[in-house]
Amino acid sequence: MNQTTTQAIPVPSIFTKALRTLSLRHRIALYYTITTALLIAIVFTILFFMVESTVYKQFDEEINKEVSEILSDAHATTHDFTSFARFKNFIDDKEVNYGNKDHDDKETAKVDTEFIQLMNNSGQVMNKSVNLSRNVLMFYPGLTTPAYFSSSVLGSTVRQIQLPLLNNQGIIKGYLLVAVPLKNAIIVLHDLQNVFLFSFPGIILILFVLTRLIAGRSIRPIEMVIATAEKMTQENLHQRIGLPRHHDELYRLSATINALLDRMHEAFQREKQFTADASHELKTPLAVIKGTLEVLVRKPREQEHYETRIQFCLKELNRMAQLIDQLLMLARYESNRMDPRIEQVKLSLALERVKGRLQPVALEKEILFKVFGTENAFVAADPSMLEIILENILSNAIKYSPPRSMITITMERKSSSLACSITDQGIGIPEEKLNAIFERFYRVDESRNSGTGGFGLGLSIVKKLADLQQIKVSVTSREKIGTTFTLTFPSA
Ligand code: ADP
């Protein structure tokens, strides 16, 4: 037999769907109204039952007084059923107000007096007050203790006691039933109930309308945020959200969004600047190469002339290739596509390798390296990234140092870190420009850099790679005295 199983897909109810599409101000108003309605209902119910129990207590006291009177009239106690039974006329003797002394017309008996009824233990009425006419009071057989309850006589609500009557041996022989009409009390309780039932929907409706109004006014700044955000494009990133008057959460939300827009605007501007700088850096050598080649083809020239011009073009092309390499490297690290592979690296060995690579340039300027400090210092770093960092800092030190000067490398162990300082005796960096040197395409001074051939990208690569490996880079410098770059490695 083929058995198909169907999986129940939860279908959102109409209520859930409506709730999902509800606006924030309606939702706030709805939740607030539901909560308040529940609270009002609970408070009112408690109040109602408190009033009711107070009213019943008063009537129970009245009944108790009535019972005492009857007992004293009968010269009996509750342990004296025989006296009661003998006291046949106790009800007729009592002053009960029929309103009309004509006892024959029993149906017209008034209900605003107490009703009395004597029962034997098998539930038969032995005697009862005339005002009960043909009616009897409610009786619960088998009750062994006095019980108070509400019942109904002649269409009116009464409060009633059922009191067991005993013989000398303490055995229940019958019951004394006394009831008093609840009269106005019941009207008051009914009125109270009606006031609640009729006023409740009104209160809830007014509450909903008012809450909706207040919620609408309170969330107006959010609507401003939405309107501003909707209008925002790349072209008008400078627009900001108006701040609300009160310094509340919405003020903080607007201020936070404005700060985010500031940062986005800045980043966008930086990107624009970067693209412009990169195109400029590439366009200049291209224009130079194009111009040189155009001049060369105009007429035949000597072999030597060709050679020098082609050498010049090759140099420019090398510079372009170098720039493209650096741009690619930066793009790769900035897009976080390169995760550092951190391992224990012997710092002195990495330094030796970089020094070896830079030796020819250093020798050209007769620059001397001096290394101080721990030979066996290990640091946690990505080996290739670390070498790129060291190479950039050391090549700058050589580039910006005068011939026959010295570059000092110091490795120093601190309590929980290791610091490596590279100090040159070069031209230095003006103090106010120290913060900017890590920005992309930033060169301290075009004139003093002429001939050094840098693009202003080396230190931004250093900063990016150092951040990726949690290495701190700091710089101190004094113009015409020298510059010190310090790398602080976290403890290995
Ligand atoms: P560049 O390729 O131009 O050297 P960098 O990003 O490496 O670019 O450096 C940015 C700028 O910081 C340089 O143009 C230079 O003006 C300055 N600079 C960097 N290192 C040194 C140094 N050791 N001494 C003096 N100036 C330096």
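**View 1. E271 is partly exposed, at 40% relative accessibility.** Partly exposed is the range between buried (under 20% relative accessible area) and exposed (over 50%), using a 1.4 Å probe and protein chains only. What you're looking at is a predicted model, where local features need pLDDT of at least 70 and side-chain atom pairs count only at pLDDT 80 or more, while totals for chains, interfaces and linings use all residues. Residues are numbered from 1 along each chain as its sequence is written, and side-chain values use heavy atoms, with hydrogens and water left out. The partner of E271 is R440: the two form a salt bridge, with their closest N and O atoms 3.3 Å apart. E271 belongs to helix α7 and R440 to the loop between β10 and α11 (446–449), so this pair links distant parts of the chain, 169 residues apart. A salt bridge here takes a side-chain nitrogen of Lys or Arg within 4 Å of a carboxyl oxygen of Asp or Glu, and helices (H or I, at least four residues) and strands (E, at least two) are DSSP runs numbered from the N terminus.

**View 2. R443 and E281 make a salt bridge, at 2.4 Å between the closest N and O atoms.** R443 comes from the loop between β10 and α11 and E281 from helix α7, so the pair ties together parts that are 162 residues apart in sequence. Both ends are tucked away: R443 is buried with a relative accessible area of 17%, and E281 is buried at 9%.

**View 3. R240 meets D262 in a salt bridge, 2.8 Å from N to O.** R240 lies in the loop between α6 (220–231) and α7 (249–298), D262 lies in helix α7, and they are 22 residues apart. R240 is partly exposed, at 28%, and so is D262, at 39%. The total count is 11 salt bridges.

**View 4. Five strands make an open sheet in the order β7-β9-β10-β12-β11, with mixed pairing.** The edges are held by β7 (368–373) and β11, each with a single partner strand, so one side of each has no neighbour in the sheet. From one strand to the next, the twist averages 15°. Two strands count as paired if DSSP finds at least two bridges between them. β7 and β9 (residues 406–413) run parallel and are joined by six bridges, with K370 standing opposite T408 in β9. Helix α9 (residues 347–364) packs on the sheet, touching β7, β9, β10 (417–423) and β12, and its direction makes about 175° with that of β9. Contact means heavy atoms within 4.5 Å; axes are lines fitted to C-alpha atoms, for helices over the stretch in contact, and angles run from 0 to 180 degrees between N-to-C directions.

**View 5. β11 and β12 form a hairpin with three residues between them.** In the turn, K480 has a positive phi of about 65°. The two strands, β11 and β12 (residues 482–490), pair in the antiparallel sense over seven bridges, and V473 has L487 in β12 as its bridge partner. Strand β11 (residues 472–478) has two faces: V473, V475 and S477 on the covered one, K472, S474, T476 and R478 on the uncovered one.

**View 6. C313 and C420 are the cysteines to zoom in on.** C313 is buried at 7% relative accessibility, and C420 is buried at 0%. With a disulfide taken as a pair of cysteine sulfur atoms within 2.5 Å, the count comes to zero.
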